[in-house]
Amino acid sequence: MKVSAGKGSGLKAVSNERGVIAALAMDQRNSLKKALGENTTREQLEEFKTAVVELLTPHASAVLLDPEFGLNASRHRAAGAGLLLAYEKSGYDPARPGRIPELLPRWSAARLQAAGADCCKVLLYYSPSESSEINDEKYAFIERIGNECRGADIPFFLELVTYDPRGAEAGGPEYAKQKPEMVRRTIAEFTQDRYAIDVLKVEIPVNLRYVEGARSFTGPNVYSRKEALDHIHRAAAAATRPFIYLSGGVVVSEFVEGLKLAAEAQAGFSGVLCGRAIWGPAMAVYRSGGRQALQSWLRTEGVKNISSVNECLKPAHPWFEGHHLTAA
């Protein structure tokens, strides 16, 4: 499978000099507003995003933003930092079964590209054990976007977040038992050519809080260290195209430990697209201290956090190496 000129150019734009994706995620909308306070204004959302982009993208290969509140921030990114733009609406309708995604109605892949995007990102909540009716709708949804991105010749990043349709808590031990196979089957599905996805953004398939002997361990014991390594390796082996890890909102020390475990498992990942693990504590700082306090925190703790994640990317594989992909 060869990468077209446009897609190759877009992937290079969001990668570092080694071809590894060391990207910062800042496309949160509803969750960000909720964390900052329901009375948060549009101007405050834009101010927060702009500060994060301006002060952290000198340490990133790219930044993921949303076209609703992030376009002004995109103009403040560091020279050489690429831009991914989110195409989906924030969140999902909880009254409708299946966490069905929706696209931003006034945007298209071509419009995102015209707004400066090097790549297009879509988030999909997915469970292999959902009803076939719901999953068929999701398959068709992703197929349409894949073909749209192919027509616009822009890389398509698909972010995949698994869940239990029966309602097991995402961070709880019961779901932790299901998660490795959920993630593996999810990767196996969307790595297929018919979806025309260029990069998969996936979860680390184990919860570090339940890995025996892990620094992040809180208990109960769900996996031994060897079992965790095996789960990570098996999920990675299902991929036939580049994949990167999302942080899933865990604290930075837990995400770093997960990346080190993935390297030990020889997962062959091509980088990260990491958000709240890096800048999450800044929300409380901004809420209590405003812009100046936010900037001070980002220059110190924020830079320290992103640097610790970048250190874990030394074993990462270039997006164009392996997984049946070659640069055009």
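Analyst: Leu-64 has Leu-84 in β3 as its bridge partner. The model is predicted, and local features need pLDDT of at least 70, side-chain atom pairs count only at pLDDT 80 or more, while totals for chains, interfaces and linings use all residues. Residues are numbered from 1 along each chain as its sequence is written, and side-chain values use heavy atoms, with hydrogens and water left out.

The bridge belongs to the pairing of strand β2 (residues 62–65) with β3, which is parallel and has 4 bridges. Strands and helices here are DSSP runs numbered from the N terminus (strands E, at least two residues; helices H or I, at least four), and two strands pair if DSSP finds at least two bridges between them. On the β4 side, β3 is joined to β4 by 3 bridges, again with the strands running parallel. Leu-85 has Cys-120 in β4 as its bridge partner.

The next pairing continues from Cys-120, whose bridge partner in β5 is Phe-156. Strands β4 (residues 119–126) and β5 (residues 156–162) are parallel and share 7 bridges. Helix α7 (residues 173–190) packs on the sheet, where it touches β4, β5 and β6 (199–202), and its direction makes about 155° with that of β5. Contact means heavy atoms within 4.5 Å; axes are lines fitted to C-alpha atoms, for helices over the stretch in contact, and angles run from 0 to 180 degrees between N-to-C directions.

These pairings are part of a closed barrel of 8 strands, in the order β1-β2-β3-β4-β5-β6-β7-β8, with parallel pairing. From one strand to the next the twist averages 25°.

The largest nonpolar core has 88 residues, and Phe-48, Ile-142, Leu-158, Phe-190, Tyr-245, Trp-279 and Leu-298 touch the most other members. Such a core is a set of buried Ala, Val, Leu, Ile, Met, Phe, Trp, Tyr and Cys residues joined through side-chain atoms within 4.5 Å. Helix α11 gives the most to this core, 9 residues. Leaving out residues up to four places away in sequence, Phe-48 touches Met-26, Leu-32, Leu-36, Trp-279, Ala-282, Met-283, Tyr-286 and Leu-294.

Helix α11 (residues 282–311) also packs with α9 (residues 252–264): their axes come within 9 Å and cross at roughly 10°. At that angle α9 is roughly parallel to α11 (under 35 degrees is roughly parallel, over 145 roughly antiparallel, 65 to 115 roughly perpendicular and the rest oblique). Val-252, Phe-255, Val-256 and Leu-259 of α9 meet Asn-305, Ser-308 and Val-309 of α11. By class, this contact has 5 nonpolar, 2 polar and no charged residues; Ala, Val, Leu, Ile, Met, Phe, Trp, Tyr, Cys and Pro count as nonpolar, Asp, Glu, Lys and Arg as charged, and the others, Gly among them, as polar.

Notes: Buried < 20%, exposed > 50% of the residue type's maximum accessible area, 1.4 Å probe, protein only.
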